[in-house]
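Subject: Structure handover

Hello,

Here is the structure you asked about. My notes follow below it.

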Number of protein chains: 2
Amino acid sequence: MRVYNFSAGPAMLPIDALNVAQSELTDWQSSGMSVLEVSHRSKGFVACAAETEALLRQVMNIPEGYRVLFLQGGATGQFDAIPLNLTAPGAKVDFFKTGQWSTKAIKAAQAQQLDVTVVADRAESNYTDTPAADGFTIDSDAAYVHYTPNETIGGVEFSYIPQTGEVPLVADMSSTILSRPIDVSRYGLIYAGAQKNMGPSGLCVVIVREDLLGHARPGTPSIWNYQAMAEADSMLNTPPTFGIYLLGLILKWVKDLGGLSAMAERNQAKASALYGYLDASDYYRNPVAIDSRSWMNVPFLQANADLDKAFVEQATAAGLTNLGGHRSVGGMRASIYNAMPLEGVQALIDFMTDFETRNG
Amino acid sequence: MRVYNFSAGPAMLPIDALNVAQSELTDWQSSGMSVLEVSHRSKGFVACAAETEALLRQVMNIPEGYRVLFLQGGATGQFDAIPLNLTAPGAKVDFFKTGQWSTKAIKAAQAQQLDVTVVADRAESNYTDTPAADGFTIDSDAAYVHYTPNETIGGVEFSYIPQTGEVPLVADMSSTILSRPIDVSRYGLIYAGAQKNMGPSGLCVVIVREDLLGHARPGTPSIWNYQAMAEADSMLNTPPTFGIYLLGLILKWVKDLGGLSAMAERNQAKASALYGYLDASDYYRNPVAIDSRSWMNVPFLQANADLDKAFVEQATAAGLTNLGGHRSVGGMRASIYNAMPLEGVQALIDFMTDFETRNG
């Protein structure tokens, strides 16, 4: 029996894609081999990787002039790789600080000797909101501007794309990518760990504007050198083949469901249902400002926090798993990525109602 | 129908492990979730990673005083990560140059500002042998000595562990690990991409002596900082969970077959059969010095090189796949990693005999 899995990542994946992966795990494309066993340089896998990239370009409507890279090391790896590729030591960069992930990105940029200006720090709200769209000033001399459109831990999401003029905008879209249409042309660089909406952990996707290639510092690790990786079609070294394959299956699922517009409708419906329930409740609440609420990660608190453990345990028993809040936040968190159906959110709401009735 | 897959990596995996992975791909441990969908911080997965490490320690007989790290970025990533973790810029290091992989490691070390001395360069043999065990001098001031016990492309393998005195020995064991018992205590650091004997690409295992931790340069990417990763049990960021899981399954298979001693017997028998056949043949030959031949990768040439394409095509049709030689070497190459049974090597020999009869 499949459960409704509310994990923040690695997260629930579309069962249709998992079923395909399962059915062909020991015999891929009638090759007598698993996709796990084929050389990344074999015709079959090269075609698979090319198809995955083509599907990503199609589904995300990625314009000409952008390169797609399949890398390793996760978004955390990119916290270091982006400074190394885009800047010289001492360069000025602007960062939004809206929670734990953007804070980690800032620390890594500083460790790579960047002169970081925090253009907006939402400490005053305890990171429960985003800055106003006109509430910050970008330095036109900055090498780039970095933000985290969705803070997975806080459940805080930008409802707008920051205006940065001519300064390239860099976004950690780990918890945003594929959740809705994204105007890629507004970005200099988008990066995302796969383990939310794209597939298994261990694959990191980078979408980078071509003019940002070719500026890597000496000593930039070759596996993260965007120019070198672009020239090698992401196969300068052995890529995470299973992740690329599974991303392809998941992109087919997205496409079959109607693409990112359909995905946005689906995700908005789920989020509306859950936030609507929380806002109408006297027992549960979500701490995030209404205009900054995440479609993907919904933290919530109950009036009696002593019952958090019981809530999570009973939910698990009811087939609603991984609802514990992040250890730094407490309470509960429902991550409702693409693969979570509306029925899962409704089941959660039903459980919450029942739990409140029994304990509230 | 399963084929005999002679790919150099990603390579053939034990069907027993693949069958387990397939059977539980949509429902792991009766959780109602795939192992691909569970948080790396969940109880289930933390236990899985701990069990994988414990099995690796048991199977490899890793002594106390060594840490096991599950990283990303492959062995190529470690070409950069090792200098960053073990040395300051300008440090002296000694390298063996025995083929393409050690050459790449040297270039990366130089890019990380190391003062590289090549203590043995087998260019004179066109990289078809290893240096004599007393044919080199280690600088006692070197920060470490690096070698590649098995050069996957050339099919060249050290039959001994180089004596380096007090200088830590660092080894790229991507094509060696798990193939036989290894005296880990002789090494300062062992690293290996998983996609030969350990599992899927995207996982890199590092086994490092504890005194080598804690010396990372400022700016070392956090996902490669050995000390930080050791403290975080390899979960400073989201690890490649599926790779760790599959490595666990493969280690169980190794253990069930009798461990690394049994694996060595199996591998030696396969290599002996194939080299014996090649040496007895007037039509085929292996170009590597007898004392330097790899158990894992067996390149071979036929008298009429014009027939190489036909050989590979007909072999593929006969269920013997991925026998094309590396593009830099030509000819053929049979990679016979742990998962390849003796029957596969015998089938190859039978095919070679038949091919010679028809064409020789």
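First a term: domain bounds come from an automatic or database domain assignment. For chain A that assignment gives domain 1 (15-256) and domain 2 (259-359). The C-alpha centres of domain 1 of chain A and domain 2 of chain A are 27 Å apart.

This is a predicted model, in which local features need pLDDT of at least 70, side-chain atom pairs count only at pLDDT 80 or more, and totals for chains, interfaces and linings use all residues. Residues are numbered from 1 along each chain as its sequence is written, while chains are lettered from A and ligands numbered from 1 in the order in which they are written.

Between the domains

Two residues are in contact if their C-beta atoms, placed from the backbone, lie within 7 Å. By that rule, 22 residues of domain 1 of chain A are in contact with 24 residues of domain 2 of chain A. On the side of domain 1 of chain A that touches domain 2 of chain A, helix 2 (43-60), strand 7 (156-157) and helix 6 (241-256) of chain A each supply at least two residues. Helices (H or I, at least four residues) and strands (E, at least two) are DSSP runs, numbered from the N terminus. That side of domain 1 of chain A divides into seven nonpolar, 10 polar and five charged residues. Here Ala, Val, Leu, Ile, Met, Phe, Trp, Tyr, Cys and Pro count as nonpolar, Asp, Glu, Lys and Arg as charged, and the others, Gly among them, as polar.

Between the chains

Chain B superposes on chain A by a rotation of 180° with 0.0 Å of shift along its axis (RMSD 0.0 Å). The two copies are thus related as by a two-fold rotation axis. B:Gln22 is the residue of chain B that comes closest to the rotation axis, at 2.7 Å (C-alpha).

In the interface, 57 residues of chain B are in contact with 57 residues of chain A. Helix 1 (15-23), helix 3, helix 4 and helix 6 (241-256) of chain B each give at least two residues to the side of chain B that touches chain A. Helix 1 of chain B gives the most, with five residues. The residues of that side of chain B divide into 23 nonpolar, 31 polar and three charged. The copies meet through the same surface, because 100% of the interface residues of chain B are also interface residues in chain A.

The sheet in chain B

Two strands pair if DSSP finds at least two bridges between them. In chain B, seven strands form an open sheet in the order 2-10-9-8-5-3-4, with mixed pairing. Strand 2 (66-71) and strand 4 (115-121) of chain B stand at the edges with a single partner strand each, so one side of each is left without a neighbour in the sheet. From one strand to the next, the twist averages 15°.

Strand 3 (residues 92-97) and strand 4 of chain B pair in the parallel sense over six bridges. B:Val93 has B:Val116 in strand 4 of chain B as its bridge partner. Helix 4 (residues 100-111) of chain B packs on the sheet, touching strand 3, strand 4, strand 5 (145-147) and strand 8 of chain B, and its direction makes about 160° with that of strand 3 of chain B. Axes are lines fitted to C-alpha atoms, for helices over the stretch in contact, and angles run from 0 to 180 degrees between N-to-C directions.

Helix 3 (residues 74-86) of chain B lies across strand 8 (169-172), strand 9 (189-193) and strand 10 (204-209) of chain B, at about 145° to strand 9 of chain B.

Strand 9 of chain B

Is this strand buried or exposed? Five of the five residues of strand 9 of chain B are buried, so the strand is largely enclosed by the rest of the structure. A residue is buried if 20 or more other C-beta atoms lie within 10 Å of its own, exposed if 12 or fewer, and partly exposed in between; C-beta atoms are placed from the backbone. B:Leu189, B:Tyr191 and B:Gly193 point one way from strand 9 of chain B, and B:Ile190 and B:Ala192 point the other way. In a regular strand the side chains alternate between the two faces of the sheet.

Strand 8 and strand 9 of chain B run parallel and are joined by three bridges; B:Asp172 has B:Tyr191 as its bridge partner. Strand 9 and strand 10 of chain B pair in the antiparallel sense over five bridges, and B:Ala192 stands opposite B:Val205 in strand 10 of chain B.

Regards

Note on methods: Copies are superposed by least squares on the C-alpha atoms of residues with pLDDT of at least 70 in both.
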